[in-house]
Amino acid sequence: MDPLRYLRPPAILFLFHLLIHGARSFYLPGVAPQDFHKGDLLKVKVNKLTSIKTQLPYSYYSLPYCKPEKIVDSAENLGEVLRGDRIENSPYTFKMREPQMCNVVCRKKVDAKQAKDLKEKIKDEYRVNMILDNLPLVVPIRRQDQESHVIYQHGFHVGLKGQYSGSKEEKFFIHNHLAFTVKYHRDSQTEMTRIVGFEVKPYSIKHEHEGQWSENTHLSTCDPQSKRTVINSNTPQEVEENNEIIFTYDVEFEESDVKWASRWDTYLLMSDDQIHWFSIVNSLMIVLFLSGMVAMIMLRTLYRDISRYNELETQEEAQEETGWKLVHGDVFRPPSHSDLLCISVGTGVQFFGMILVTMIFAILGFLSPSNRGGLMTAMLLLWVFMGLFGGYASARLYKMFKGTEWKRIALRTALVFPAIAFAIFFVLNALIWGEKSSGAVPFGTMFALVFLWFGISVPLVFVGSYVGFRKPAIEDPVKTNKIPRQIPEQVWYMKPAFSVLIGGILPFGAVFIELFFILTSIWLNQFYYIFGFLFLVFIILIITCAEITVVLCYFQLCSEDYLWWWRSYLTSGSSALYLFLYATFYFFTKLNITKFVSGILYFGYMLIVSYAFFVVTGTIGFYACFWFTRLIYSSVKID
């Protein structure tokens, strides 16, 4: 299929619809719907316990919940393991379209350690996550201001804190009764059904029974024979040492008009699309402002400059020239630390390729939330394979700087960023391991990551570098003088530190609203699926980085400062500094993280993200300025 056909005029509206709503409509090939007959067995799986307060996931069976006869781990992909998912079987089993009431799962007597664990998890607001037919369990909550509007909370809380009437002592209560609702869509012709919703209402109730406990004991608080069901938590089950906890559940089945292909719409309902449109419009205003400045420079100022420079006839006139043409003999002089620049540009190209291809896959629906862990797996694999382009870009630049040891530059390109990221990741993983969290990456997965790095990524960087170095060197449009000219004293607003810091504000301004939603999805356990919006913002980011760098590069050359190589990279790359500062602001204003280890995790991961953002935006700015300088200096006649 020709992807360019979507760009033809009759299909522009379709492309726009695909960008904005693509993630709702498409599912990963191979994830086929499952049909059920009446009475078919439905098995509920349990996933990790999660908390937005600690960001440390734990295995479901780390708490004294009822266990099946044998705990079986589901096969997890690389992304799921890195996210801390631990999907296991559970004792909760239903039969399709056969309601059940007051099913007793098990009876537990908690010891001191188990009671302490439960209290800690309740205090930290941990939620229990379950899965049925690949649909996550949600708790429907009606908004008080809008009775008709229902929002969905992912997973139910382990329990709640409260006080008995007339007492000020804080007590902890566990949710031990679950009222499940399974929504299904029925085919009127075949009578086959498909699951389209999985909801729960959790209750805390101190169950009572008469006589000694046995398998046939009837609960007086929840008895299907007497039609007595649990409808509130007025007599809650307290968590204390040696307390008896009886776990029960109800399940009812509700027919729904929602079809299988649209069953994720409820989970992904976007009530804040106006904010995203505001983000797009805000970013477009920045782009239009910068485009106007670039157009003025390119069409008016540069055209006038080039015409005037080409009309200079005598040597005396040439000696009196000022502005950017004056530095033509130094503008392509290799910069200091040129090796590090080559490595940084190569790494940026590698990340740029990864982000671009990931977004295209996401827009086409290959990375929808139904494919759990797919986004992270795709990003890792794409980053590994994009090493080919990273090596090629760094070697091409290295050869232009008259470098000869391409193997050394290839090795550094393959190692520098991953080594820094892996070192931070290893320290953070050790901290998670110390907290006995399921989010700690196992040794086997760590080995797989090292293999992806050294077994695939490093060789591909070398292949790319070999191909890039064999290509003819990029020729400079003008000759470089043997003796570098002196740079005149610069006014305060053209000094490197100030212009670099100013250059990063606009690229960050173009993305910061969307950044809020991305941080919310990562740290507040919400789905992020509006990749259409994100792709548009990414395109705007590319344009903004390129234009601000070109504008500041032109002003720099006009003030006879020819050290543009690193300045162009750092100008747009400095937006990463603002990203990290915003992440710090977000931590203190939006998150309620209580543990010190959780804070270290947050800032550690945001440091890696900021570093990646730095190399991507820096590389975009560098290539824009590289193209701009070659264009203007190849347009004038140099004697």
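**Aromatic pairs and a helix crossing**

Hi everyone, let's start with the rings: the count comes to 47 aromatic pairs, where rings of Phe, Tyr and Trp (its six-membered ring) pair if their centres lie within 6.5 Å. This is a predicted model, so local features need pLDDT of at least 70, side-chain atom pairs count only at pLDDT 80 or more, and totals for chains, interfaces and linings use all residues. Residues are numbered from 1 along each chain as its sequence is written, and side-chain values use heavy atoms, with hydrogens and water left out.

Take phenylalanine 180 and tyrosine 249. Their ring centres are 6.1 Å apart and their planes sit at 70°, so this pair is edge-to-face (planes over 60 degrees apart; under 30 is stacked, the rest tilted). Phenylalanine 180 is in strand S11 and tyrosine 249 in strand S13, 69 residues apart, so the pair links distant parts of the chain (strands are DSSP runs of E, at least two residues; helices are H or I, at least four). Both residues are buried, meaning under 20% relative accessible area with a 1.4 Å probe, protein chains only.

Now the helices. H6 (residues 338–363) and H9 (residues 406–434) pack at about 55°, with axes 9 Å apart; axes are lines fitted to C-alpha atoms over the stretch in contact, and angles run from 0 to 180 degrees between N-to-C directions. That makes H6 oblique to H9, the class left over once under 35 degrees is roughly parallel, over 145 roughly antiparallel and 65 to 115 roughly perpendicular.

Who meets whom? In H6, the residues include Asp339 and Phe351, and in H9 they include Arg408 and Phe417, with contact meaning heavy atoms within 4.5 Å.

Methods
Buried < 20%, exposed > 50% of the residue type's maximum accessible area, 1.4 Å probe, protein only.
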